[in-house]
Structure formats: structure tokens, C-alpha cells
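Here is a brief report on one protein chain.

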Amino acid sequence: QHRLTQEIIDNIPSAVYIKDLEGRYMVVNKKLCEIFGMTPQELLTHRDADLFQNDNVQNFRFANEQVILHRSMVTYEDVVMRNGVKHYYWVVKFPLLNSAGEVQNICGLATDITERKENELQLMQATRAAERARSAQESFLANMSHEIRTPMNGIMGMSNLLLSSPLDPEQRDYTENILESARHLLAIINDILDFSKIKSGKFRFEHIPFKLRHAISKALIPLQFKAEEKLIELKVEVDDMVPEVLMGDPLRLQQILINLVGNALKFTSQGGVYVLARCGEVHAGVCDLEITVSDTGIGIPADKLEMIFESFTQNNANTSRKYGGTGLGLAIVKQLVELQRGKVWVKSQLGIGSTFGFRIEYNISNMPGEMF
């Protein structure tokens, strides 16, 4: 029976041992002998103090005291230096009792977790490096926000002043192109900065009363001019059942609408863009606001619908060259909606048009709404 027991513990991949209360080895297995490069007979003549550094011996004694005191299992992680190399072990110790119920011996199992521990440490180092890189990126983008937006606003301001002065048709055309390019570039910069802020988790939402109809109208006024320039219709309808004042973040709602409607106008050359706002359900003072933006534009292939909300994604390279943009607009929309515990979706037919929709729950407010 002793021989069979020894064969069993010799085939356990962890180091297994039994000690008396003085710390002398009574039973050892093959793995423990390999660790110390000793035969079982040599190892049985040693104590912990002969084999380990003082810090390890102190840890062993404390763990043994806990096993004896509580008569229960103790687990801990230990670090052992062998031949100048650091090894990590997960140690399990438990008491072996005599017939009187007293602790007579302590059995231990030590599993080498060095590889796993080193992987964990490397992962922690990589995580810290990534956090430092992200912090540097956020700082860079914050600085670029100021450095780029300031001159861009200057270009736009000067272009507007120039347009208000007497110009011949050719000069006016050049100035309008400068202004449109500046607006386009500023929109790209804003998308990149917003996307970075969302990804960093630093995006915050307001919770204030606002008048929905006014918020929608104000957001779409600039886009109405763009629709008129393209000779297409931009129609907005708000269902009568939608409450007058809601509680939430009107600026983020406007940002979502501007992205969706602006996107629809970009890809629509005839027909129109139609915005519908309605309450899917009203319960317990909450309006399940649903807004859809439909267009008669170029549409989206069925195999592209699943990835349309991914970052830096457009239909194809030709789309990017022809219509411009970074492919961030819809990704930002999805993030803004989902951060408000909402849902966004799309339906489309190639060559017929697309419908983008989102749903966000807003509390109904009895307070006078702020005008945005």
C-alpha cells in the first residue's frame, strides 16, 4: 500500500510533501526531488531553513500556524529563487489529523505557475503601456482640437466676410469653395475628436428638460439649406402624441440627427429625405422616442448592412472618393444611442433608398423646456 501511494504521488505534476510540525519532510514525491535536485533520501534529512531563503521560511511558518490553528486548508502564492531564477508557486496546505482529532502532520501541494504569472505580468505591463499611450493620444487630440479648430474657424469667418463684399462671379465661386472645404474639414475633425472621447469613456450626457420639436428644428435648419441647394425635399414630421418637453440631453440628440440626416442628404441626389419622430410607447412618465430618417438615395448593399455602423467603414473606396467623409458618422451615432441605453437600426435597398432609425427612452418633464 505504501508503494502504491508513493507511485500515485510521484505521478502528480505538482510538488507533494508531508511534514511534521517541526518542518521536517516525512514524505516527498518525484517532482519535489526534481526541483531540489536531490534523492528522496537526501531530501528527507532537510528542513525548510536548509532549502529556502528566510522570507520563504517565514511564509511557510505562518501558513503552517494557520493550518494548525484553524484545522483547515490554507492557500497562498509564493515566490522562490532557484539558481538566480524567480519561480512562482501556488501552494495548498491542509492538516492531517490523528485519531484524537489533533493536527499531526501538514500536507502540501505546490504547483509551478511561473509561466502563467509571467504572462500576467507581461499583460499588466502591456496594459499600463496602452493606458499611457491612450493618455498621450487624448492629450494630443485635445491640443489638436484647439490648434486646428481655431484657424479653421478663422478661415470660415474670413470667407463669410469676403462673401459679404462685392465679388465677381469667379471670385465668389472660389470663396464659396473655400468655405465649403473648411466646413467639411471641421466636420471631419469634430467626428474624430468625438469618437476618441467616446472610446476613452470620457463622454458625459446632460439630463435637462428640453423642447423636442424646437431641438429637432434647430438641428435641421442648416441641413434644410443644403437640401435646397441639391433641389431635394427635407421633410420633418413630429407625431402629435410626442410630449412637448422631455428630460435628457438635447445636444446629443441633435448630434445624432445631424449625422443621420446629413448622411442621407449626402447620398441622395433626387427625391428627398424624410424625418419622422413618434413615441413608440408611453408608460410611467417615460416616452419611448423613435426617430426614423428615410431617403431616396443610392441605398446600401445587403452584405454591407451588418458593418455599416463600424468605425471607418463606408460602402466601398469609390463611395469615399465620391462623397467624402471618414466613415465615423454612423459609428458615433451608434455609440451615442447605445450609451443612452437605446437601439439603432437600418433598412436599405440598393438603388431605392435607406431608412435609419433609433429609439431612446426619455422621461416626460412637466418643467418648461430649455430652448436649444
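## The disulfide

The torsion about the S-S bond of C279 and C287 is about -95°, so this disulfide is left-handed. The model is a predicted one. In it, the sulfur atoms of C279 and C287 lie 1.9 Å apart. A disulfide requires sulfurs within 2.5 Å. A search of the whole structure turns up one disulfide.

Both partners are covered. C279 has 13% relative accessibility, so it counts as buried. C287 is buried too, with a relative accessible area of 0%. The cut-off for buried is under 20%.

C33 takes part in no disulfide. Its nearest cysteine sulfur belongs to C107, 15 Å away.

Are C33 and C107 buried or exposed? C33 has 7% relative accessibility and therefore counts as buried. C107, at 8%, also counts as buried.

## The second largest pocket

Rolling a probe the size of a water molecule over the atoms shows where empty space is left. The second largest pocket has a volume of about 280 Å³. It is lined by 13 residues. Those closest to the pocket centre are H207, Q340, R341, I360 and E361.

Which elements give two or more residues to this lining? They are β8 (245-248) and β12 (353-364). β12 gives the most, with four residues.

## Overall build

The chain contains 11 helices and 12 strands. Its radius of gyration is 35 Å. The globule rule gives 21 Å for 372 residues, and the chain is well over that value, so it is more spread out than a compact globule. Along the principal axes, the C-alpha trace spans about 105 × 50 × 40 Å.

How much of the chain is buried? Of its 372 residues, 40% count as buried. Contacts tell another part of the story. Take those between residues at least 6 apart in sequence: 59% of them join residues at least 24 apart.

Terms used. Residues are numbered from 1 along each chain as its sequence is written. This is a predicted model: local features need pLDDT of at least 70, side-chain atom pairs count only at pLDDT 80 or more; totals for chains, interfaces and linings use all residues. Side-chain values use heavy atoms; hydrogens and water are left out. Buried means under 20% relative accessible area, exposed over 50%, partly exposed in between (1.4 Å probe, protein chains only). On a 1 Å grid over the protein atoms alone, a cavity is a set of points where a 1.4 Å probe fits but cannot get out, and a pocket is an open set with protein on both sides within 12 Å along at least five of seven lines; lining residues have an atom within 4 Å of a point. Grid points are joined across faces, edges and corners, and a volume is the space filled by probe spheres set on the points. The radius of gyration is taken over C-alpha atoms; the globule rule is 2.2 Å times the number of residues to the power 0.38. Contact means heavy atoms within 4.5 Å.
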